[in-house]
Amino acid sequence: MDKFIKKTEDNLPTLAVVVPCYNEEEVLAECFMELNSVLERLITENKIASGSYVLFVDDGSKDNTWNLIKRISDDNSNNERARGLKLSRNCGHQMALLAGLSYVDTDICISIDADLQDDIECIPKMVEKYMQGNDIVYGVRKDRSSDSFFKKTSANLFYKFMSTMGVEQISNHADYRLLSKRALAALLEFKERNIYIRGIIPLIGFRSDTVLYARKKRIAGKSKYPLKKMLSLAINGITSLSVIPLRMIAVLGFLTCLIVGLFSVYVIFRKISGETVTGWTSLILSNFFLGGVQLLCLGIIGEYIGKIYIESKQRPKFIIEDWISGKQND
């Protein structure tokens, strides 16, 4: 590790800021202006190298996002500060982020959403933490005062539930983080298609630290993460990183068998004692209950089997349709 730190002391690290975008035409220009300003300041202060840049990843947007990325890149072609990656279709936030990280060629990279709700003033702090020897620096929200009651409650339940299900992740951390070159290489070693990056990063195990910040309001546009997508992300995270739901099915099956066994002893005792066992209603209800439990268990098992089926095909995670390297004739 000391050898790795010494390299960054002798040579300023290059930084790539990876920005996944989906229908972000309303915020894109301001997003680049703000991020470019931070990069310029860090370069001037001799904290990062001049070869640093912003990489926008267009996740199959249906609006003018890609044309704006090309325009921004054209305007900054002299310093190659803006680059772009266009996916052939919408693959989802996690896959778009992974695509951008796969094309990074710098010493460190920072991922951030285009809406700039995450405080960009944390970027210099993250770089400083990296220079202190950390391979991973998490951007963590220090409070949720800006969220609605529903958003705040659902988010807290989300982190608690994921923790209960055995998914290791940093609370109140989304995808705002810094990765060193070797931490990124380790992340890319995870080959699964159903990927939950927030849960995989802690598995890398390299030295890490956190930077606290207050989340801002979105500068324009609408959130691309409604409740439906949040639930989908949670299900994907749990089934991709934990087998606890499958173990819960086994425990539930054991408890059900135990209860049925005890109830059978009771029924036999009543029969031997000559008492008529009535209870058509309870019998029907128990059948419905057991039927519902079986369907739920089959659904959970099916989720895992579906992931195995998709993984076994080994299809590409994403397909690149276009690429802007900074030099327009590249």
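**Exercise 1. Two helices in contact**

Is the crossing of H2 and H3 right-handed or left-handed? Describe the geometry of this helix pair and name the residues that form it.

*Solution.* The model is predicted, and every value below is computed from it.

Step 1. The axes of H2 and H3 come within 10 Å and cross at roughly 35°.

Step 2. The crossing of these two helices, H2 and H3, is right-handed.

Step 3. On the H2 side, the contact is made by Leu 28, Ala 29 and Phe 32. On the H3 side, Thr 65, Leu 68, Ile 69 and Ile 72 take part.

**Exercise 2. The sheet and the helix packed on it**

*Solution.* 

Step 1. The chain has 11 helices and eight strands. Eight strands form an open sheet with mixed pairing, in the order S7-S5-S6-S4-S1-S2-S3-S8. Its edge strands are S7 (208-213) and S8 (320-324), each of which pairs on one side only. From one strand to the next, the twist averages 20°.

Step 2. Within this order, consider S2 and S3. Strand S2 (residues 53-58) pairs with strand S3 (residues 82-87) in the parallel sense, over five bridges. Leu 55 stands opposite Arg 83 in S3.

Step 3. Helix H4 packs on the sheet and touches S1 (15-21), S2, S3, S4 (108-111) and S6 (177-180). The direction of H4 makes about 150° with that of S1.

Step 4. Gly 100 belongs to H4, which spans residues 93-102. Leaving aside neighbours within four places in sequence, Gly 100 is in contact with Val 18, Leu 55, Val 57 and Leu 85. The C-alpha atoms of Gly 100 and Asp 58 are 9.4 Å apart, although the two residues are separated by 42 positions in sequence.

Step 5. Gly 100 has a relative accessible area of 0% and is therefore buried, the cut-off being under 20%.

**Exercise 3. The nonpolar cores**

Which residues of the largest nonpolar core touch the most other members, and which element supplies the largest share of this core?

*Solution.* 

Step 1. The largest nonpolar core has 38 residues, of which Leu 15, Val 19, Leu 35, Phe 56 and Ile 123 touch the most other members.

Step 2. At least two residues of this core come from each of S1, H2 (28-44), S2, H3 (65-75), S4, H5 (122-131) and S7. The largest share, eight residues, comes from H2.

Step 3. Leu 35 illustrates the packing. Beyond its neighbours within four places in sequence, Leu 35 is in contact with Val 17, Val 19, Val 54, Ile 112, Leu 116, Ile 120 and Ile 123.

Step 4. A second, separate core holds 29 residues, including Ala 99, Leu 184, Ala 186 and Ile 197.

Step 5. Ile 197 also belongs to H8 (residues 197-204). Seven of the eight residues of H8 are buried: Ile 197, Arg 198, Gly 199, Ile 200, Ile 201, Pro 202 and Ile 204. Just after H8, Gly 205 takes a positive phi of about 90°.

**Exercise 4. Cysteines**

*Solution.* 

Step 1. A disulfide is a covalent bond between the sulfur atoms of two cysteines. The distance between the sulfur atoms must be within 2.5 Å.

Step 2. The cysteine sulfur closest to that of Cys 21 is in Cys 31, at 6.5 Å, which is too far for a bond.

Step 3. The structure holds zero disulfides.

Step 4. Cys 21 is buried, with a relative accessible area of 1%. Cys 122 likewise counts as buried, at 1% relative accessibility.

Methods: Residues are numbered from 1 along each chain as its sequence is written. This is a predicted model: local features need pLDDT of at least 70, side-chain atom pairs count only at pLDDT 80 or more; totals for chains, interfaces and linings use all residues. Side-chain values use heavy atoms; hydrogens and water are left out. Helices (H or I, at least four residues) and strands (E, at least two) are DSSP runs, numbered from the N terminus. Buried means under 20% relative accessible area, exposed over 50%, partly exposed in between (1.4 Å probe, protein chains only). Contact means heavy atoms within 4.5 Å. Two strands pair if DSSP finds at least two bridges between them. Axes are lines fitted to C-alpha atoms, for helices over the stretch in contact, and angles run from 0 to 180 degrees between N-to-C directions. A nonpolar core is a set of buried Ala, Val, Leu, Ile, Met, Phe, Trp, Tyr and Cys residues joined through side-chain atoms within 4.5 Å. A crossing is left-handed if the near helix is turned anticlockwise from the far one by less than a right angle, and right-handed if clockwise.
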